[in-house]
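Here's a quick briefing on the fold, grouped by topic. Have a look at the sequence and the model first.

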Amino acid sequence: MRVLPWCLAAACGCLLFVPTLRGQEQPANQTKPAPRADATAEALHARVQLLHRMRAERRHAQELHAEETAAIGRQIDRLRADLQDAQRRLAEHQEALAALERRKAAATAQLANDREALAALARASAEAARTIAERIEAGIPHDRKARADGFRQTADRLGDGGEGAEAAQRAGAITAFLEAAAQHVVDGARIEVWNGPVDLDGGARRLDAWQLRLGHVGQFFVSEDGRVRGRWSGDARQPWKVETSPDLGRRIDQLVDVGRGRRPPALVPTPFELPGPR
């Protein structure tokens, strides 16, 4: 492409040189042009036309190249923007993942602490259940065995599985103990008085009597005519035990009278002997 300007200069020089030659020559017959000069002019004209076409093609190629370069530049810019956006999203995802890992580590540590606290609470609950059972055994005889056995079973459930016990199992046992202990406290504070039938001698004899439920102390009755009195024994065959001792009968009368409101509240000795320490 660099030889084109030189060719153009040569062609222009020839064109300028030909008329000079024609002016210097004096042909005999001027009506007919020289064939050689016409051929040279045509050749130069063809070369000039070729040169114009080549220049036009070169400009067109340059324009296409510029358009393609601009398009490629725009694509590169878009790719660079997409890459930056992808890097930004990757950084956000990595930060979110790191936050999740931190939360997971904190939750794992909290879970370990909760399990340790749950195990400690289970041990404390088991010890408390055994203590309650021992105190029931050493205390008031009313329903002693049933109440003490319930707390012993709860203590055994709390100890099942040791440290490897499932958290749900241990939590369920603790909940059962707390409910039993709460009910034990409620029952211990319950005082109820009502009039109802009392079956004696295996159901062979029935009396209408005033009955008193005094927490864990016991359940007592006094017949409406005041001749028979007794307390709940818990025996399936003979649930009521008739008291024949005048002293114990007098204590039962005092308790029922206080419960019915016939006597002002006062300290009344228990109507039975407490067992000694074991």
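S2 and S3 make a hairpin with three residues between them, and glycine 215 in the turn takes a positive phi of about 50°. Strands here are DSSP runs of E, at least two residues long, and helices are runs of H or I, at least four residues long, all numbered from the N terminus. Keep in mind that this is a predicted model: local features need pLDDT of at least 70, side-chain atom pairs count only at pLDDT 80 or more, and totals for chains, interfaces and linings use all residues. Residues are numbered from 1 along each chain as its sequence is written, and side-chain values use heavy atoms, with hydrogens and water left out.

**The chain overall**

- The protein chain has five helices and five strands, and from the N terminus on its elements run α-α-α-α-β-β-β-β-β-α.
- Buried residues make up 23% of the 278 residues in the protein chain; buried means under 20% relative accessible area, exposed means over 50%, and partly exposed is in between (1.4 Å probe, protein chains only).
- Of the contacts in the protein chain with a separation of 6 or more, 43% come from residues 24 or more positions apart, where a contact means heavy atoms within 4.5 Å.

**The sheet**

- The five strands form an open sheet in the order S1-S2-S3-S4-S5, with antiparallel pairing; two strands count as paired if DSSP finds at least two bridges between them.
- Strand S1 (191-200) and S5 are at the edges with a single partner strand each, so one side of each has no neighbour in the sheet.
- From one strand to the next, the twist averages 30°.

**Strand pairs, one by one**

- S1 and S2 run antiparallel and are joined by ten bridges, with glycine 196 opposite alanine 209 in S2.
- The hairpin of S1 and S2 has four residues between the strands, and aspartate 201 takes a positive phi near 55° there.
- S2 and S3 are joined by six bridges and run antiparallel; leucine 212 stands opposite phenylalanine 220 in S3.
- S3 (residues 218-223) and S4 (residues 229-232) are antiparallel too, joined by three bridges, and phenylalanine 221 has glycine 230 in S4 as its bridge partner.
- Five residues sit between the strands in the hairpin of S3 and S4, where glycine 226 has a positive phi near 75°.
- S4 and S5 (residues 240-242) run antiparallel with three bridges.
- In that pair, arginine 231 has lysine 241 in S5 as its bridge partner, while glycine 230 stands opposite valine 242 in S5.

- Helix H5 (residues 246-260) has 15 residues and reaches 21 Å from its first C-alpha to its last, close to the 21 Å expected at 1.5 Å a residue; the expected span is 1.5 Å times one less than the number of residues.
- Its buried residues are Leu248, Gly249, Arg251, Ile252, Leu255, Val256 and Asp257.
- The buried residues of H5 pack against strand S2 (205-214), S3 and S4.
- Which residues does aspartate 257 touch, not counting those up to four places away in sequence? They are Arg262 and Arg263.
- Aspartate 257 counts as buried because its relative accessibility is 17%.
- Just after H5, glycine 261 takes a positive phi of about 85°.

**H2 and its helix neighbours**

- The axes of helix H2 (residues 35-137) and helix H4 (residues 167-188) come within 10 Å and cross at roughly 35°; axes are lines fitted to C-alpha atoms, for helices over the stretch in contact, and angles run from 0 to 180 degrees between N-to-C directions.
- The crossing of H2 and H4 is left-handed, meaning that the near helix is turned anticlockwise from the far one by less than a right angle.
- Among the residues that meet are Leu118, Leu121 and Ile132 in H2 and Ile174, Phe177 and His184 in H4.
- By class, the contact of H2 with H4 has twelve nonpolar, two polar and two charged residues; Ala, Val, Leu, Ile, Met, Phe, Trp, Tyr, Cys and Pro count as nonpolar, Asp, Glu, Lys and Arg as charged, and the others, Gly among them, as polar.
- Arginine 152 lies in helix H3 (residues 144-159), and it counts as partly exposed because its relative accessibility is 34%.
- Arginine 152 touches Ala133 and Glu137, leaving out residues up to four places away in sequence.
- Arginine 152 and alanine 126 are 26 residues apart in sequence and 8.5 Å apart in space, C-alpha to C-alpha.
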